[in-house]
Amino acid sequence: MLCAKHKTGLVFFPAFDWAISPNHPEREERLLYTQDQVLEEGLLDIDGIIEYKPDIATIRDIQRTHFCVPDEWEVTTESHFISAGGAKTIGMAVMDKQVERGFALVRPPGHHAMRVVHGSRGFCNINIEAMMIEYLRTAYKVGRVAIVDTDCHHGDGTQDIYWHDPDVLFISLHQDGRTLYPGSGFLNELGGPNAAGLTVNIPLPPNTSEEGFIYALEEMVLPILADFKPDIIINSAGQDNHYADPLTNMNFSAQGYARLTELLKPDIAVLEGGYSIESALPYMNVGIILAMAGLDYSRVREPDYDPDGIRQGREVTEYIRRLGDKVMTGWNRRDETRKELQAGKTFDQRRRSIFYDTDNILEKQEETVRICEECGGCWSIDTSSDGRKRALAVHLPIKGCAACRETAYQWYESADPKTFDLALLQDRQKDRYLKREL
């Protein structure tokens, strides 16, 4: 009987009753074809590949990660709770050492959902990877986390959630934001002043193929991971870099994704995008599962796979080599960058407008972060959107120092009822969430 070298757990949740619309790319069939392919190939008959049923996430799981305005029920459905619960199930199976690695094949996806949530953007309402990570940090005291997002779209929501966190490294490989939604993920997006350099963006040019992705992994991602030394590696496994994907412009294949997974060696992978529902996604998912389990994936090929036909041009190759030099320069000088951004300040501020394209909501934010040498720094966000409730959202980090704790509670308790409708406090140190109607 075939036996996996690495005991691997799987969760499937196709969300049969949830779709943005019947013909939308984010619909049930995305995972039904994969589920059929996995069964037809007999993957679940392999000794060491184990299927788990998804747990259901709780309101507390959401509150560790998000500020939902006006509340969690307004921005989620039952499918979101099960999708996030499926990621959490795989995380627990890995941490409990029931399996060595795990892959949550779930939907709806989550990596465009930011810290504050007023609705859905980029098909995402809540960030399922981040919810899993925050649960693991609380329940298992996981220290340093690395997230490698390989979706074709920049993982702007995950980046936002960990922007100020010095214990979480976020790396995103994606199609250049000048050519694709959400229009972000550039080299100069490095993280906040207390965590500068720990956000690493690798914007690849359109038509990048296997050669470019594997080069980026070997010459940028793996050296940075070796330097950071995470306790756990999470792969946001978006698979819309495929040459057949209808929403993007890249030339990756199932063989490429499997090779990338073999090299990256993620502890946990969580499905994100991938919209070539029938002709690509099942092959990529099978290749990734085999690679995670340490099995031969050389015969996993799409019926029309032609490596020469999707080979990247010389200009793309040269562009990625120059990009690699810039990425590694940014990483190697991250300590200097942090000092430059802090530059004797007590607080730092930024203003942003965030558009929720799926729900047509425009949010205005004003963020204040306390500059801190001892922790990630507490921060607050003044958030409002299109005539809805205005909220003051305050975050105290999981390793918050005494001064940041005092500042966070002072902000929360002194929220002006003439200005705000809600005051929210996310105390990650004590794992509690406070809410006041003003």
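Colleague: As I have it, Asp, Glu, Lys and Arg count as charged, while Ala, Val, Leu, Ile, Met, Phe, Trp, Tyr, Cys and Pro count as nonpolar, and the others, Gly among them, are polar. By class, what does the lining of the largest cavity have?

Modeller: This is a predicted model, to start with. By those classes, four residues of the largest cavity's lining are nonpolar, five are polar and none is charged.

Colleague: Which residues line the largest cavity?

Modeller: The lining consists of T150, N235, A237, G238, Q239, Y257, L260, T261 and I288.

Colleague: And which element gives the most to that lining?

Modeller: α7 does, with three residues. Two elements, β9 (232-237) and α7 (254-264), each supply at least two residues of the lining.

Colleague: What volume does the largest cavity have?

Modeller: About 30 Å³. The structure holds one cavity of 30 Å³ or more.

Colleague: Pockets, then. How much space lies in the largest pocket?

Modeller: About 460 Å³. Its lining has 29 residues, and those nearest the centre are Q159, W163, E189, R350 and R352.

Colleague: How does the lining of the largest pocket divide into nonpolar, polar and charged?

Modeller: Ten of the lining residues are nonpolar, ten are polar and nine are charged.

Colleague: Where in the fold do they come from? Which element gives the most to the lining of the largest pocket?

Modeller: That is β11, which gives seven residues. At least two residues each come from α5 (156-161), α10 (334-342), β11 (347-356) and β12 (361-370). In terms of domains, the lining takes at least three residues from domain 1 (3-326) and at least three from domain 2 (347-437).

Colleague: β11 and β12 both turn up there. In what sense do β11 and β12 pair, parallel or antiparallel?

Modeller: Antiparallel, over ten bridges. The two strands form a hairpin with four residues between them, and N360 in the turn has a positive phi of about 60 degrees.

Colleague: Which residue in β12 does S353 stand opposite?

Modeller: S353 faces K364 there.

Colleague: What about the second largest pocket, how much space lies in it?

Modeller: About 320 Å³. It is lined by 16 residues, with E41, L290, D296, R299 and V300 closest to its centre. Helix α8 (residues 281-293) gives the most to this lining, namely three residues. By class, the second largest pocket is lined by nine nonpolar, three polar and four charged residues.

Colleague: Changing topic. How many salt bridges does a search of the whole structure find?

Modeller: The search finds 29.

Colleague: Pick one. What do the side chains of D61 and K88 meet in?

Modeller: A salt bridge, at 2.8 Å from N to O. D61 sits in helix α2 (residues 59-65) and K88 in helix α3 (residues 78-95), so the pair ties together parts that are 27 residues apart in sequence.

Colleague: Is D61 buried or exposed?

Modeller: The relative accessible area of D61 is 2%, and buried means under 20%, so D61 is buried. K88 is buried too, at 10%.

Colleague: Back to α2. Which residue does R64 form a salt bridge with?

Modeller: With D431, where the closest N and O atoms are 2.9 Å apart. R64 is in helix α2 and D431 in the loop between β15 (422-427) and β16 (432-437), and the pair links parts of the chain 367 residues apart.

Colleague: Is R64 buried or exposed?

Modeller: R64 is buried, with a relative accessible area of 9%, whereas D431 is partly exposed at 23%.

Colleague: What about R428 and E134, what do their side chains meet in?

Modeller: Another salt bridge, with 2.9 Å from N to O. R428 lies in the loop between β15 and β16, E134 in helix α4 (residues 128-139), so this pair ties together parts 294 residues apart in sequence. Both R428 and E134 are buried.

Colleague: Last one. Which residues are linked with these in a network of salt bridges?

Modeller: The network consists of R60, D61, R64, K88, E134, R137, D165, R428 and D431.

Notes:
Residues are numbered from 1 along each chain as its sequence is written. This is a predicted model: local features need pLDDT of at least 70, side-chain atom pairs count only at pLDDT 80 or more; totals for chains, interfaces and linings use all residues. Side-chain values use heavy atoms; hydrogens and water are left out. A salt bridge is a side-chain nitrogen of Lys or Arg within 4 Å of a carboxyl oxygen of Asp or Glu. Buried means under 20% relative accessible area, exposed over 50%, partly exposed in between (1.4 Å probe, protein chains only). On a 1 Å grid over the protein atoms alone, a cavity is a set of points where a 1.4 Å probe fits but cannot get out, and a pocket is an open set with protein on both sides within 12 Å along at least five of seven lines; lining residues have an atom within 4 Å of a point. Grid points are joined across faces, edges and corners, and a volume is the space filled by probe spheres set on the points. Domain bounds come from an automatic or database domain assignment. Two strands pair if DSSP finds at least two bridges between them.
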